[in-house]
Amino acid sequence: MRQIGRYCRLMGVFAKYSLMSALEYRINFITGVTVEMGWMIIKLLYVAIIYKAGTSIGVLTPDHILLFVGTYVFMTGVYMLYYGNFGSLPWMIQQGELDLYIVKPVSLQFLVTLRRLEFAYLLPDFVVGVIMIVTGWRLAGLPSDVLSVAGFLFFLLCGCLLTYSIFLLPYLLGFWIISLGGIADISNALWDFNNMPSLIYEKWMRRIGTYVLPVFVITNFPGLFLMGELNVWACVWGAAAPVLFFLLSRKLWKISLKRYSSASS
Amino acid sequence: MGIIEVEHLKKEFSYYKKATGIKGSLHNLFRRETLTKEAVRDISFSVEKGEMIGFLGPNGAGKTTTLKMLSGILYPTGGRAEVDGFVPWERKNEFKRRISIVMGQKNQLWWDLPASDSFYLNKCIFGVDDGTYRDVVTELSELLDVRDLMSVQVRRLSLGERMKMEILAALIHQPDILFLDEPTIGLDILSQKKIREFLKLYNQQKKTTVIITSHYMADIEALCQRAVIINQGQLVYDGRLGDINRVLGERRLLSVKTSSEVNPAQWEGFGTLRETSAAGAVLEVPQEKVKAILGAILAGLPVEDFTVTEIPIEESIARFYQKEVVAP
Amino acid sequence: MSSYRCVFLMGLEQALEYRVSFFLSMLSAVFPIIIQTVMWNYLYSHSDAAAVFGYEHGQILLYTLLATIVSQLVGAGFEGEVNGDIKMGGLNKYLIRPMDYKWYQFFRFLGQKVPRFMVAAPVMTVIMAAAFWQGLPISAGRVLSFLCSLMLGMVLNFSIFYCIGLLGFWLTEVDKLFGTVGIVLTVASGGVFPLDIFGGLVETLVNVLPFGYTTQFPVNIINGRFGWERIGIGFGFQLAWILVFACLGCYMWRRGVRRYAAVGG
């Protein structure tokens, strides 16, 4: 318990310092916001097309889809908050920049992956995502009692942990490969599968995306729970998958780090 | 039993061979050649608590690699080491709290924030309590003469000031052992001197064990009673820097000034001729023969003046670097 | 000419340098195509989408398959370097060499396109063959027009981004916006979705503005959406815009270099 408190406090210091650093370069901050808004245009185009067609996807009306895509936009912001740390991991490994973090008596994975937070990306995604979620929720007439809201937020939280755990994995290859540009591209592309609700995909894809590499769980489970479309087993899986994948990321991190300690100079 | 015990430490790296040109790139696309480099071959030594020792050696000799193994950053390929009762590469948190490392080429400070923020972060990371933290920062900033710079963003500091801050940041948790890797690299003479003075004082006051690597002999000469010379991954000398000449066999440089030009061939018989000119010559001779040789020269040549000096330490070290000699 | 050849080869080598990245970047481009294809298939099989969007099912699928490839082929990416040369004084070495800067950049641009083109050509051939099999009106004339418009699209996009890069002469921080500009222009050129599906004002804008002529126009030639008359008009627009941006680039270069020399680099 004391450990958790310590990590929370450290997280607070990181957030504060990141924000202070960001405000040193206001133009970069604005740039970050505009780039993220550029990407958002693409995400919103999908919703625009759905509304233009006016078609439901299975049980999902366009209003439901607005909520699902809103969840995706929101989650993208959360992911982008710490994504920069993943992105600079290969560089840090090559330059031996991990050296000074390895000798700290705090989890190295924590230090390296959550040190810098990028609020410029979070901001537009957060604002637009929340607006889309709330609008979709209202228009679709979904329940807003305490249980529904709490469940939605719970699966949102699970999604955050799952995102971190799954999408760290490809960057661990940075311990072996010099250029990770392609890996980064492919994992980002994978992330974008959530731009549409999983119901649009074939059953076999949905199975893989839910149970093997559970990227669909991240942005679909909060909405599906709200609609009463999740049975008990799905709920259990939605809560278990983040834990399992987090443990996996810890394990693989440790294995990869061994490589750093034995191969680098 | 010393605070640091190292036995037969070894470290090998493998790396890829990169062919040049477009053909090479295409070739690399499919197959790469792996090569192995022995960075540290077989190193053993021990350090007593409170000692300050220096690792000397040319670039790529294996100094930094050794230091990284002792601080737990790298796993060795063979051999063992014990630092403050721990095996470094097991990386226990308790071990990490007792050591600290400063690397001249890397920085742990947040670039865009004042150094004091990075100190505070280290306080949180190492779990130092508020009172101790305040005392340590006050005392060290006084000693390092950086009190006025505490609220300046790191990126605005000069290289020397930044290094002082790096050292301060590394000492927030009052480690038992401090590793310094090229702490004075790229600094101006004055900053180098300041940092040396601080390290000496700190070592004396706190009895902190210090291991410092450098390829500036001046660093080691000023700070360390004991030097370890490493070359091509091997320990070639371990002892007092001032004793190097004794180890190499006591030889002296004999500079002789003559009133008229002497044929170079005439010098040859007296010792190893280092240089010669119209005005005289420099000879290298064994210490025990200085008297006899000098007598012969004085008798045979038009000597105006002469001096006898020790061989400069740099030169002796250079002979270790070139592997002309290996310590017994 | 041989110096341009050398620059061309250097660009080629750079692009081949990192093996894994190279393949994965290619692969990652496939993912959004899958997502979009799935979405279109769903919409076309569950509603009267052809009437809503103005594209036949086959046309929109072929569009989806080809737009990303075309977008990559015409894509720039050198504007940052142009800006850097202006900012850091790297321009000096070109000013004294008997080498025209715009041609230097142009041939390097082409050089870096070759590996992409080598991968893209067989893929496009297979796609077109499959589309022909499925009954799309692909003819030798259309393929030829497509290739012509693709080449012109590359030249047009080069001219546009060259001008954007040259903005660095006047706006010191403009490079910070290149990311955003890149995304927005990709969307505007129809690199993600054909924008004329939205009809009305959007369609008119797409037809008049230069951006659609880098990506959307070539693709709409090959998928049979445009008749020969429309293709003729399109080529007119494409050439006109190339002329406009080439002239603008030359004008900006002259004014910029004078300013650069005055400031002293």
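**Notes on a three-chain predicted model**

1. Helices α5(C) and α9(C) are oblique to each other; angles under 35 degrees count as roughly parallel, over 145 as roughly antiparallel, 65 to 115 as roughly perpendicular and the rest as oblique. The two helices, residues 57–74 and 140–166 of chain C, pack at an angle of about 50° with their axes 9 Å apart. Axes are lines fitted to C-alpha atoms, for helices over the stretch in contact, and angles run from 0 to 180 degrees between N-to-C directions.

2. A word on conventions: residues are numbered from 1 along each chain as its sequence is written, while chains are lettered from A and ligands numbered from 1 in the order in which they are written. This is a predicted model, in which local features need pLDDT of at least 70, side-chain atom pairs count only at pLDDT 80 or more, and totals for chains, interfaces and linings use all residues. Helices (H or I, at least four residues) and strands (E, at least two) are DSSP runs, numbered from the N terminus.

3. Back to that helix pair in chain C. On the α5(C) side, C:Val70, C:Leu73 and C:Val74 make the contact, and α9(C) answers with C:Leu150, C:Gly153, C:Met154 and C:Asn157. Contact here requires C-beta atoms, placed from the backbone, to lie within 7 Å. By type, the residues of this contact are five nonpolar, two polar and no charged; Ala, Val, Leu, Ile, Met, Phe, Trp, Tyr, Cys and Pro count as nonpolar, Asp, Glu, Lys and Arg as charged, and the others, Gly among them, as polar.

4. Between chains, 32 residues of chain A are in contact with 31 residues of chain C. On the chain A side, α2 (26–53) and α9 (181–191) each supply at least two residues, and α2(A) gives the most, with 13 residues. That side of chain A divides into 20 nonpolar, nine polar and three charged residues.

5. Chain B is assigned domain 1 (4–245) and domain 2 (250–310), with bounds from an automatic or database domain assignment. The C-alpha centres of these two domains lie 45 Å apart.

6. Do have a look at the open four-stranded sheet of chain B, with order β11-β12-β10-β13 and antiparallel pairing; strands pair if DSSP finds at least two bridges between them. Because β11 (272–277) and β13 (303–310) of chain B stand at the edges with a single partner strand each, one side of each is left without a neighbour in the sheet. Neighbouring strands are turned by 15° against each other on average, direction ignored.

7. Five bridges join β11(B) to the antiparallel strand β12(B), residues 280–286, and B:Thr272 stands opposite B:Glu284 in β12(B). Helix α11(B), residues 290–300, packs on the sheet and touches β10 (251–258), β12 and β13 of chain B; the direction of α11(B) makes about 15° with that of β10(B).

How values were computed:
Two residues are in contact if their C-beta atoms, placed from the backbone, lie within 7 Å.
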